[in-house]
Amino acid sequence: MNVDSKEIDEFLVSLLRKVGKNLREDSIKKMSVATKKNRNDLVTNFDKKTEKFINNEIKQFYPEATIVSEEGYGDLVKDMSGLVFFVDPIDGTMNFVKRGDNFASMIGVYIDGQPLIGAIIDVMDNEIYHGGKEIGLYIDNEKINTPKNLPLVEGLVDVSAPMALSNRFSVQDVIKKSSGFRVYGSAGIIFGHLLTGKEVMYMSYLAPWDLAAGRVMCEAAGLSVVSIDGAPINMLESQVVIVGTQKVVSEALKTLKTR
Ligand code: IPD
Ligand code: CA
Ligand code: CA
Ligand code: CA
């Protein structure tokens, strides 16, 4: 299949620009909040409305594409053949509900299983991280410089709250070797920090839509994206993922107890 990465990148940027504007205006309207798997797993009317909007736009411009998305308006995708869009309409829904900042909207595009283009908007800052291996990486129109390959001792690590509190992988041992840790609560916001070198590692249990856009861009930036057991990433399943500089990921894999 022949695809034009530049065209897809421009489509994603213009789509996320509209999504960001709508969400900033929506956040003053009436929000209804429901829970999903547990009391901290939230979904709002705006998660659903945003996903419907994004998926409709994708179907209009790329009718041949299949869509994997969080809130149930996507397709049942069984393999990675062809053009696959991964959509997380609001990433960091808890932040969206409780704080009104530090949340994102993300779209990752893959072609026959290969990462192609990713785009993430930091909604309240109205900044879009986007691009891929072929076309380079940008924040809005500005090129992103490749982050330095720093070791653990020289950088901040970000770990999801459940992971930081769990004793399962002894993630505390990794944290202790770093400059300190942060818990931003939105994978999308954290991918921005990794791409700009503000943080050197992120570890979390991520669903396909949490990971897709960030993986495309982090790999294009020379960062490592691995599943905790070292197995290849499976884009159609959830897994514990470590993303970071090459040095940090190899140190983390040596330090973590995975069995
Ligand atoms: C969640 C956030 C959170 C991460 C969770 C995700 P959501 O996404 O990115 O930081 O730790 O694993 O599910 O549910 O707000 O889209
Ligand atoms: Ca969610
Ligand atoms: Ca998410
Ligand atoms: Ca979400």
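**Ground rules**

I'm looking at a predicted model, where local features need pLDDT of at least 70, side-chain atom pairs count only at pLDDT 80 or more, and totals for chains, interfaces and linings use all residues. Residues are numbered from 1 along each chain as its sequence is written, while chains are lettered from A and ligands numbered from 1 in the order in which they are written.

**Entry 1: the annotated residues**

I started with UniProt, where an unreviewed entry lists Glu70, Asp88, Asp91 and Asp210 under "binding site". The annotations use the numbering used here, with shortened feature names, and may be inferred rather than shown by experiment. These four are spread over 141 residues of sequence, yet they cluster in space, with a largest C-alpha distance of 9.8 Å.

Where does Glu70 sit? I found Glu70 in the loop between strand 3 (66-69) and strand 4 (83-91). Strands here are DSSP runs of E with at least two residues, helices are runs of H or I with at least four, and both are numbered from the N terminus.

Is Glu70 buried or exposed? Glu70 is buried, because 23 other C-beta atoms lie within 10 Å. (Buried needs 20 or more other C-beta atoms within 10 Å of the residue's own, exposed means 12 or fewer, partly exposed is in between, and C-beta atoms are placed from the backbone.)

Next I listed contacts, meaning C-beta atoms, placed from the backbone, within 7 Å. Not counting residues up to four places away in sequence, Glu70 touches Glu51, Asp88, Pro89, Ala207 and Trp209.

Asp210 lies in helix 7 (residues 208-220). Asp210 is buried too, with 24 other C-beta atoms within 10 Å. Leaving aside neighbours within four places, Asp210 is in contact with Asp88, Asp91 and Ala187.

The "binding site" annotation of the unreviewed entry also covers Ile90, which I placed in strand 4. Ile90 is buried, with 29 other C-beta atoms within 10 Å. Beyond four places in sequence, the contacts of Ile90 include Phe46, Phe96 and Ser105.

I then traced an open sheet of five strands in the order 11-10-12-14-13, with mixed pairing. Strand 11 (180-182) and strand 13 (224-227) each have a single partner strand, so one side of each is left without a neighbour in the sheet. Two strands count as paired if DSSP finds at least two bridges between them.

Going along the sheet, I noted these pairs:

- Strand 10 (residues 156-159) pairs with strand 11 in the parallel sense over three bridges, and Val157 stands opposite Phe181.
- Strand 10 and strand 12 run parallel, joined by three bridges; Val159 has Met203 as its bridge partner.
- Strand 12 and strand 14 run antiparallel with six bridges, and Tyr202 has Val243 as its bridge partner.

**Entry 2: the ligand**

Which residues surround ligand 1? I counted a residue as near if its C-beta atom, placed from the backbone, lies within 6 Å. Among those around ligand 1 are Asp88, Asp91, Ser160, Ala187, Tyr205 and Asp210.

Strand 12 gives the most to this shell, with three residues. Strand 12 is also mostly covered, since five of its six residues are buried.

Methods. Two residues are in contact if their C-beta atoms, placed from the backbone, lie within 7 Å.
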